[in-house]
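Subject: Structure handover

Dear colleague,

Please find below the structure I promised to pass on to you. My notes on what was found in it follow directly after.

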Amino acid sequence: MMKILNYINGEWIEPNVAEYLDVVNPATGELLARTPVCGLDDVAAAAKAAAEAFPAWRQTPAQERIQYLFKLRDLMKSNMDEIARTIVEECGKTFDEAKAEMVRAIENVEIAGGIPMMMKGELSEDIAPGIDEMMIRQPVGVCATVCPFNFPGMIPFWYLPYALACGNTYIIKPSEKVPMTMQFIFKLVEQAGLPKGVINLVNGAKEAVDAILDHPAIRAVTFVGSSPVAKYIYRRSAEQGKRVQAQGGAKNPVVILPDADMEMAVKIVADSAFGCAGQRCLAVSWAVTVAEARDEFTEIMCDAAQSRVVGYGLEAGVQMGPVISQASRARVEGLIGLGAAEGATVCVDGRNAVVKNYERGAFVRPTVLANVRPESEMHRTEIFGPVLSLMHANTIDEALALVNGGPYGNQASIFTASGAAARRFRYEAEAGNIGVNIGVAAPMAFYPFSGWKDSFFGDLHGQGMDAVEFFTQKKVVVERWPKEWSRKF
Ligand code: NAD
């Protein structure tokens, strides 16, 4: 069993806590580790270390700071298979999905390597005779990220590389459900030789999060997780005067027009809805078929759902793993039952799945529900499992009304061969990430990971220039240097 430690001030520390939470392999049921439920003392120690490391780190030239990121990037690349195996074990993904996650993490480290250019300031000379004005960017100080379970290797890297490269120091709080990936990655952080205290790891759950939100030395907080917690993090951080961005949950629609390439649309939508067992904030969770798209799309989608190979992500040929826990499985199955009770037709039923040799696994097979009503409770709830709901609209106007009718706005996609329809959708859909003939519209690291409505609380997002803006504060300086003074020399 792996021992879960904190990493504070460059040392691995066994926290002194009374409570631990089990970390279970969701495919095998094996107990892998126990997460220490840390609280105020551990967060205070990490914040102290990060605050003490800050003055020297911010004075380290950006060009030197990014050399550590280059080292970390090389280490992440050369250890990719082992990190991916850890993600499969604790999170339940397939090996390919776990590697794809790490590719996105590394991409962010690479983009943050351009920080010296991204954080350079501006200068305007002679705004009045002999007076110049400049804007410089300075780091914010100690920053922290609170992570969800579903991308244990990638999500911290939407923020961390930018924050460090900009001269901030850092605390990461992984999800208590998947603490092992960060144990591994912090071994690489150690090998990269970052100065003590620049980056710290504290494990735990709500107590650790609350301690982060309330600690006066922590100046900025980023969060990714469910919407109710995101709202709470946003409010409580803001009350403490901190910078905050909080990514929330999702319920992502896709619109299928009759002119779409149906085979392609189904393949891509199935990968989106059932990939990572539907536990992706950009997963499509409901499809609106327009006019005569309905029958063909429904028929091919049901075949695709039924034929998906479900099993343990480390085995060859497996296309979908389990959901994160037995509790999650029970919740997802309950929501499928609720949908049926509310009048939906269960076309493909993934409940009560048994995978040979993995009878203790938290498996839900791909599920397709048709005739889902927009006002039903099942439709208003984020399922976060491999369940695709189908709805129907007669026109694109009706489809857009459905798309924009819900509280979330993380992603919306359309499948069509019509540029005009795609343009209208891109223009009118109320979501921060738009896909046109794309199932998972995940932005590259040089674009912000957007999100609207109840999927995001804040202003600046993760990744790219938004992250640089978030992790720096602007200082405007106005200087007078009368010409006659320089003539003295
Ligand atoms: P979660 O909200 O349960 O937990 C996320 C983090 O918050 C964890 O570190 C947890 O310890 C902490 N936490 C949980 N309850 C808390 C509380 N009451 N007070 C303070 N801290 C608390 O989310 P999860 O189940 O780990 O992740 C799945 C959710 O994350 C889904 O809703 C999914 O849509 C969302 N998500 C969103 C994005 C995005 O970019 N918008 C990306 C990934 C996941």
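The expected span of a helix is taken as 1.5 Å times one less than its number of residues, a rule to keep in mind for the helix described next. Please also bear in mind that this is a predicted model.

By that rule the 17 residues of helix H2, residues 62-78, should span 24 Å, and the C-alpha atoms at its ends are 25 Å apart, which agrees. The residues of H2 that count as buried are Ala 62, Arg 65, Ile 66, Tyr 68, Leu 69, Leu 72, Leu 75 and Met 76.

Setting aside neighbours within four places in sequence, Lys 99 is in contact with Met 80, Asp 81 and Ala 84. Between Lys 99 and Met 80, which are 19 residues apart along the chain, the C-alpha separation is 6.8 Å.

Turning to the strands, there is an open sheet of seven, in the order E15-E16-E17-E14-E13-E19-E20, with mixed pairing. Strands E15 (345-348) and E20 (433-436) stand at the edges with a single partner strand each, so one side of each has no neighbour in the sheet. On average, and with direction ignored, neighbouring strands of this sheet are turned by 25 degrees against each other. Strand E19 (residues 411-415) runs parallel to E20 and is joined to it by four bridges, and Ala 412 stands opposite Ile 434 in E20. Across E13 (252-256), E19 and E20 lies helix H15 (residues 419-428), which runs at about 170 degrees to E19.

As for the protein as a whole, it has 17 helices and 23 strands. Its radius of gyration is 24 Å, close to the 23 Å that the globule rule gives for 489 residues, so the protein is as compact as a globular protein of that length. The C-alpha trace spans about 85 × 55 × 40 Å along its principal axes, and 59% of the 489 residues count as buried. Among contacts with a separation of 6 or more, 73% are between residues 24 or more positions apart.

Conventions
Residues are numbered from 1 along each chain as its sequence is written. This is a predicted model: local features need pLDDT of at least 70, side-chain atom pairs count only at pLDDT 80 or more; totals for chains, interfaces and linings use all residues. Side-chain values use heavy atoms; hydrogens and water are left out. Helices (H or I, at least four residues) and strands (E, at least two) are DSSP runs, numbered from the N terminus. Buried means under 20% relative accessible area, exposed over 50%, partly exposed in between (1.4 Å probe, protein chains only). Two strands pair if DSSP finds at least two bridges between them. Axes are lines fitted to C-alpha atoms, for helices over the stretch in contact, and angles run from 0 to 180 degrees between N-to-C directions. Contact means heavy atoms within 4.5 Å. The radius of gyration is taken over C-alpha atoms; the globule rule is 2.2 Å times the number of residues to the power 0.38.
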